Amino acid sequence: MTETDKDSISLLGQIKDKLIGRKQDWSRDGRALTGTTAPHAQRLPPGQRLVSDWPVLDLGIQPEIPHAAFRLTIDGEVTNPVTLDWNALMDLPQHDSVSDMHCVTTWSRYDNHWSGIAVATILDLVQPHNTATHVLFESHDDYTTNLTLEQFAAEDCYLVHTWEGKPISRQHGGPLRVLVPRYYLWKSAKWVRRITFAGADHPGFWETRGYNNNADPWLEERYS
Ligand SMILES: Nc1nc2c(c(=O)[nH]1)N[C@H]1C(S)=C(S)[C@@H](COP(=O)(O)O)O[C@H]1N2
Ligand SMILES: [Mo]
C-alpha cells in the first residue's frame, strides 16, 4: 500500500466518522425525526446549497435515444407487463408538476417545472402484484438504481420528458427520465429503459458503491 493509499483511506475514515458523528448529534436533538414527521418543514435539506443552473452528473456516457427507437419496458411482479413506444407513452394521461431537486454532491435546485406521466398512471397500467415491494430502474448507459415501491408510488414521482416547457435534453436524461424529488437525485434514473417490480430489494449502481440505500436528503442519508 502506498502512502497516498493510506492517506486516502484515513481521510475516508475521517469523513465517515464525521458523518456518523453528525447523525448521532441529530438523532440526539431530534432533528433526524423531522424527516419522517414533517419532511418539508425546512425546504433546504441539511448540508445543501442552492444553485440556479442545472449541473450534469452521469457515468460519462450520454446515450442518444431518438423517439423512433424509444422503448420502455415495465415488468416483473405485475399483472400486465408492457413495453411502451414513444406514441404509447404520449397517449397516457400527461401531468404537470413543480418540484425541487437535491443532489448528493450538495446542490439543490428549486421550482423545476416538469411534464410527464404520473407513477399512479403506471401503477394503474401494469397492476403490481401485492408481493411487489421494490422497484429497479435500468438505463441505456447500464446505470441502475432501486427504490421501495412506497418511495416510487409517492404522489410527486413521475416519468418526465419536459423541463421548463422544453424536451429534457440528452445530457439530463432525455427523452425520458425518472423523477423522485424527495430523495437524492441519484435515485432518479436518466435514459430509463426498464422498470422492474420485485419482491426483494436489488441495490443499484451507487447503492452497491457506498451510497445510502434509502437516500433521504432530510436525514442526510448520503453514504451507507
Ligand atoms: N442513467 C443514469 N441516470 C443517472 C445517473 C447516471 O449516471 N446514469 N446519475 C445519477 C446521479 S448520481 C445524479 S446526481 C443525477 C444527475 O442528473 P442531472 O445530470 O440531470 O443533474 O442523475 C442520476 N441518474
Ligand atoms: Mo449524484
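This is a predicted model: local features need pLDDT of at least 70, side-chain atom pairs count only at pLDDT 80 or more; totals for chains, interfaces and linings use all residues.
Colleague: Which residues are closest to ligand 1, and how many surround it?

Modeller: The shell around ligand 1 holds 20 residues, and the closest are Pro-55, Asp-141, His-172, Arg-177 and Lys-190.

Colleague: How does that shell divide into nonpolar, polar and charged?

Modeller: In the shell around ligand 1, 13 residues are nonpolar, three are polar and four are charged.

Colleague: What lies 2.7 Å from an oxygen atom of ligand 1?

Modeller: That is an N or O atom in the side chain of Arg-177. On the backbone side, an N or O atom of Leu-59 is 3.1 Å from an oxygen atom of ligand 1, while a polar backbone atom of Ser-188 lies 3.0 Å from a nitrogen atom of the ligand.

Colleague: And how much of the accessible area of ligand 1 does the protein cover?

Modeller: On its own, ligand 1 has 530 Å² of accessible area, and the protein covers 98% of that.

Colleague: Which pocket is taken by ligand 1?

Modeller: Ligand 1 takes the space of the largest pocket, and about 350 Å³ of space lies in that pocket. The largest pocket is lined by 22 residues, of which Leu-57, Asp-58, Tyr-143, Trp-186 and Trp-206 are the closest to its centre. The lining divides into 15 nonpolar, three polar and four charged residues.

Colleague: Changing topic to the backbone, is the peptide bond from Gly-174 to Pro-175 cis or trans?

Modeller: The bond from Gly-174 to Pro-175 is cis, with omega near 15 degrees, and Pro-175 is placed in the loop between β9 (166-167) and β10 (177-179).

Colleague: What about Asp-111, is its phi positive or negative?

Modeller: Phi of Asp-111 is positive, near 55 degrees, in a residue other than glycine.

Colleague: Where is Asp-111 found?

Modeller: Asp-111 belongs to strand β5, which covers residues 107-118.

Methods: Residues are numbered from 1 along each chain as its sequence is written. Chains are lettered from A and ligands numbered from 1 in the order in which they are written. Side-chain values use heavy atoms; hydrogens and water are left out. A residue is near a molecule or strand if one of its heavy atoms lies within 4 Å of it. A polar contact is a pair of N or O atoms within 3.5 Å; within protein, one must be able to donate a hydrogen and the other to accept it, and residues adjacent in sequence count only if both atoms are side-chain atoms. Accessible areas come from the Shrake-Rupley method with a 1.4 Å probe; for residues, only the protein chains shown count as cover. On a 1 Å grid over the protein atoms alone, a cavity is a set of points where a 1.4 Å probe fits but cannot get out, and a pocket is an open set with protein on both sides within 12 Å along at least five of seven lines; lining residues have an atom within 4 Å of a point. A molecule sits in a cavity or pocket if more than half of its atoms lie within 2 Å of its grid points. Ala, Val, Leu, Ile, Met, Phe, Trp, Tyr, Cys and Pro count as nonpolar, Asp, Glu, Lys and Arg as charged, and the others, Gly among them, as polar. Grid points are joined across faces, edges and corners, and a volume is the space filled by probe spheres set on the points. Helices (H or I, at least four residues) and strands (E, at least two) are DSSP runs, numbered from the N terminus.
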